[in-house]
Amino acid sequence: MTDDVRWIKTHCARMDHGGCTIQVGVKNNKIVRMKGDPEGILNQGYICPKALASPKKLTHPSRLMRPLKRKGSRGEGKWHRISWEEAIGFISENLQAVKDRIGAKGVAFCQGMPKGLEHFVLIRLANTFGSPNVVVIQDVCHAPREISGMHTCGFYPVVDFHHQSKLVLLWGSNPTSTNEEGQICSLLLKQLNQGTDLIVVDPRQTKLAAKAKHWLQIRPGTDHALALAFLNVIVTEKLFDEDFMRNWGYGFDELAKHVKQYAPEKMSEITWIPSEKITESARYYAMSQPAAIAWGNPIEQNMHTFDTARSLICLMAICGNLDVPGGNIQANDPGILSLGKFVRADLLPSKRDEMIHAHHGTIPKLMTVPPAFFRKAVLTAKPYPVQAAYIQCANPLLAYADSRQTYEAFMKLDFLAVSDIFMTPTAALADVVLPAATQFEFNDIGHYGLGHGYILARPKVVEPPSECWPDIKILNELGKSLSPPEYWYDNYEDLLGMIVAPAGINYSQFAEIGYLKGSDQFKKYESSGFKTPSGKVELALSQADKFNFPQMPRFSGLPEPEDPEYPLVLTSAKSSYYLHSSYRWLEKLREKQPNPQVLIHPQTAAKYEIQENDEVIIETSAGRIHQFAHLSNTVDPRVIFAAYGWWFPEEKIEDLYGWQRSNFNRLTSTEKLGQEFGTPNLKGINCRIRRK
Ligand SMILES: Nc1nc2c(c(=O)[nH]1)N[C@H]1C(S)=C(S)[C@@H](COP(=O)(O)OP(=O)(O)OC[C@H]3O[C@@H](n4cnc5c(=O)[nH]c(N)nc54)[C@H](O)[C@@H]3O)O[C@H]1N2
Ligand SMILES: Nc1nc2c(c(=O)[nH]1)N[C@H]1C(S)=C(S)[C@@H](COP(=O)(O)OP(=O)(O)OC[C@H]3O[C@@H](n4cnc5c(=O)[nH]c(N)nc54)[C@H](O)[C@@H]3O)O[C@H]1N2
Ligand code: SF4
Ligand SMILES: [Mo]
């Protein structure tokens, strides 16, 4: 058939962590068709509704098309258009002025969910400019699992979905909606079809929970209690891998003694899971080999995240599932440029001591600033003042805990620049808004630096609108004007080429091949030990005293003590149709989910005289929002699931698009933070609900 559609192979991105190989049909610089590529290494033909809606982002009539400079007061919604030259000049002048006045660390560089190479180019810009403060919302997303992994076993243990597991323990992860871990759900589903067993730990009966051998309906925010009970059963019943522990366990005896206090009967009261179910599931995990723990966001969205992540890694270790095929592995990167070299870490050797959070006693390997500490620095000038921010790919007014605090901090900044593809509540507070080019409009590399052992090519398929620039290009131009120009390039695409050059190819060749994957190598510790101070898996942390951390994972309570004023427990899950606060403006997705819905068990709804679709008020000690009731048996009567990420692009900019009304993070606070990562409680908080 010749209908002059040109087909281009690329990888989907910017609608979640990305990863599906897709084929995109293009005609007259417009995307006209799209399908999953059957040869895709992660998706094998799969494609989801978000991806199918994504080309509409490019042609949406309200997309940001030109750089805008604020007119009138901050947040008033009045702008005038400026040229790119003016925009780059204005931002550089303002960031340089702060640097001259209070030092480079007075400027923060903020990124939302890392979407592509722009994240690492932003770190490079911060390093070349001289600021140690790259603010990323990793406090509640991935830092706890990655860095607890590095401290415990010397690497970030990811699921090896490429080899069959006997059992997958899906712990607070819902890949049929989220494709969490940058892995593609198709790989998991394929394994389940081939006989892999499943245990699901989730307070809500998800699609996968309904298929699981055991579904543990946990009380939100008690994952550490459950993981410790698993350790108790496995140690008490001697179901652990004795050989591996003898040779490679550091502090096993201490751990064994320590977890005695966490008997399933006791932890059952905390987690609301029957003790027999805990015991059976723990046995099942220990006796299925190899088994993988696929963990999701909820394990790192309360202040006890370090204890949870540590307990889960101890579980992987004592059952001999670390770095074995089908277990939790240290993925090998392909032969590409190392991250440290790419971001020019060498230019800022003092970063570790100077970053804002170094003054808050966080864990040593955490290299991005937790948002709570960034806002405190803006608002209180402690540990030192921060007066300007450059934000890309982020909507902190919705995504950071305690939205009021975010608002106050942004109102106080001397200067704020935001790069986005659409006007958002956050962008509406900026002094300059930059129109970014996005997925399909520029060459990009996916999954670099994420620890999964592969990188994916995302060659562009159409040209961007003439004044929409890729973030990488914006940063390259800012780099030339804010730092010694020799660190930057005439053509920003050289930044892509640098990464694949060590593999002996250029970007076009990479795009042709599609992906680079490191080789499969397992049990690397046998030749070189574990990269920890003791050379072993540190069940007890050998440097705990030095850094003032608990040596062993513990249960030290609920995220918040119970409070009769707020008798229900609040949590959330990501929507299948949206990415965080993004894309409520895409009609195709909005049709599927027009309103923020809160899930309530019918019994609870009856108790509070709430009916389906009623507008309800959800309250915590931090704030109050409105959402619409959806009655569902999938949740426990004591738990409610509110929707997260809601604002209303159809409303007025001067009201910041109704950013407060249904915004989950009006219900969260930064008063209590986990010591190690500065993590606030997003899940498992006390709340109450009533009809409006
Ligand atoms: N209460 C609560 N809070 C949470 C979470 C939770 O579960 N509950 N989840 C947390 C997690 S896991 C994360 S990762 C964060 C996410 O936090 P954010 O990444 O800040 O979330 P988004 O709301 O998706 O904002 C992304 C913005 O990037 C813009 N964008 C899209 N493509 C491009 C592009 O190519 N260039 C530019 N410049 N902009 C682009 C979108 O329009 C959008 O405004 O939120 C965290 N916050
Ligand atoms: N469609 C879509 N996909 C996404 C995203 C998105 O916003 N939308 N965001 C992307 C990002 S940045 C990330 S980090 C990942 C996150 O991916 P996931 O980790 O899968 O995300 P969540 O939906 O927050 O949580 C997963 C499951 O945890 C359950 N849960 C809620 N509270 C608790 C609890 O206290 N304990 C336990 N054990 N389970 C609980 C929820 O019911 C849900 O089924 O997804 C990525 N993919
Ligand atoms: S699951 Fe994610 S990567 Fe795959 S098609 Fe959907 S949005 Fe794209
Ligand atoms: Mo995330």
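## Aromatic rings: worked exercises

Ring pairs link Phe244, Trp248, Tyr525 and Phe530 into a cluster. Rings of Phe, Tyr and Trp (its six-membered ring) pair if their centres lie within 6.5 Å; planes under 30 degrees apart count as stacked, over 60 as edge-to-face and the rest as tilted. The model is predicted, with local features needing pLDDT of at least 70 and side-chain atom pairs counting only at pLDDT 80 or more. Residues are numbered from 1 along each chain as its sequence is written, and side-chain values use heavy atoms, leaving out hydrogens and water.

**Exercise 1.** Find how many aromatic pairs the whole structure holds, then classify Phe240 and Phe252.

*Solution.*
- Searching the whole structure gives 23 aromatic pairs.
- For Phe240 and Phe252, the centres are 4.6 Å apart with 50° between the planes, a tilted pair.
- Phe240 lies in the loop between helix 9 (223-236) and helix 10 (242-248) and Phe252 in helix 11 (residues 252-258), so the pair ties together parts 12 residues apart in sequence. Helices here are DSSP runs (H or I, at least four residues), numbered from the N terminus.
- Phe240 and Phe252 are buried (under 20% relative accessible area, 1.4 Å probe, protein chains only).

**Exercise 2.** Now try Phe374 and Phe410: what kind of pair do their rings form?

*Solution.*
- The centres are 6.4 Å apart and the planes at 50°, so this pair is tilted.
- Phe374 sits in helix 17 (residues 371-380) and Phe410 in helix 19 (residues 403-412), 36 residues apart, and the pair links these distant parts of the chain.
- Both Phe374 and Phe410 are buried.

Terms used. Chains lettered and ligands numbered in written order. Helix = DSSP H or I, 4+ residues; strand = E, 2+ residues; numbered from the N terminus. Buried < 20%, exposed > 50% of the residue type's maximum accessible area, 1.4 Å probe, protein only.
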